[in-house]
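This briefing is for a reader who is new to the structure shown below. Please look over the sequence and the model before reading on.

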Amino acid sequence: FDKCISSSLGRCITPSTLALVAGVVHGVAGPGGVLGVIPAVQLRNAKLASIYLITFCLTSTLVMGCFAACYGTFSGWLAG
């Protein structure tokens, strides 16, 4: 379904792969990090705050990556 748009070191790079990478990068770098820090500070427990921050970062990155992959797949489908 996905066509190879670039070849680097013998590997095929598809639009879905590029979309997933862009989503992961934006998930890590997005302004939503502030929303992760404020509740963690209010917890006043280092262990709970660490668990909260780790899960916030992982889920934020995962959701943004999945959304980007779906968007890239759908865009490729529309483009024909």
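Tyrosine 52 and phenylalanine 56 lie four residues apart in helix H3, so about one helical turn separates them. The model they belong to is predicted.

**Aromatic rings**

- Over the whole structure, the search finds three aromatic pairs.
- One of them joins tyrosine 52 and phenylalanine 56, with 6.2 Å from centre to centre and 25 degrees between the planes.
- That pair counts as stacked, because planes under 30 degrees apart are classed that way.
- Tyrosine 52 is partly exposed at 27% relative accessibility, and phenylalanine 56 is partly exposed as well, at 23%.

**Overall fold**

- The protein has three helices and two strands.
- Along the sequence they follow the pattern β-β-α-α-α.
- Of the 80 residues in the protein, 15% are buried.
- Among contacts with a separation of 6 or more, 46% are between residues 24 or more positions apart.
- The accessible surface of the protein is about 6,100 Å², and carbon and sulfur atoms account for 74% of that area.

**Helix H1 and helix H3**

- Valine 28 is part of helix H1, which covers residues 15–29, while leucine 58 is part of helix H3.
- The C-alpha atoms of leucine 58 and valine 28 are 8.7 Å apart, although 30 residues separate the two in sequence.
- Valine 28 is exposed, with 62% relative accessibility.
- Leucine 58 is exposed too, with a relative accessible area of 57%; both values are over 50%, so both residues fall in the exposed class.
- Phenylalanine 74 is also found in helix H3, and its relative accessible area of 45% makes it partly exposed.
- Between phenylalanine 74 and serine 16 there are 9.2 Å from C-alpha to C-alpha, for a sequence separation of 58 residues.

**Cysteines**

- A disulfide is a covalent bond between the sulfur atoms of two cysteines.
- The count of disulfides in this model is zero, with a cut-off of 2.5 Å between sulfur atoms.
- For cysteine 70, the nearest cysteine sulfur is that of cysteine 66, at 6.6 Å; this is not within 2.5 Å, so cysteine 70 is in no disulfide.
- Cysteine 70 is exposed, with a relative accessible area of 55%.
- Cysteine 57 is partly exposed, with a relative accessible area of 46%.

**Arginine 44**

- Where is arginine 44 found? Arginine 44 is in the loop between helix H2, residues 33–43, and helix H3, residues 46–79.
- Most residues other than glycine have a negative phi.
- Arginine 44 has a positive phi, near 55 degrees, and is not a glycine.
- Its relative accessibility is 72%, so arginine 44 counts as exposed.

Methods. Residues numbered from 1 in each chain as written. Predicted model: local features only at pLDDT ≥ 70, side-chain atom pairs only at ≥ 80, totals over all residues. Heavy atoms only, no water. Buried < 20%, exposed > 50% of the residue type's maximum accessible area, 1.4 Å probe, protein only. Contact = heavy atoms within 4.5 Å. Areas by Shrake-Rupley, 256 points an atom, 1.4 Å probe, with all protein chains shown as cover. Phe/Tyr/Trp six-rings, centres within 6.5 Å; stacked < 30°, edge-to-face > 60°.
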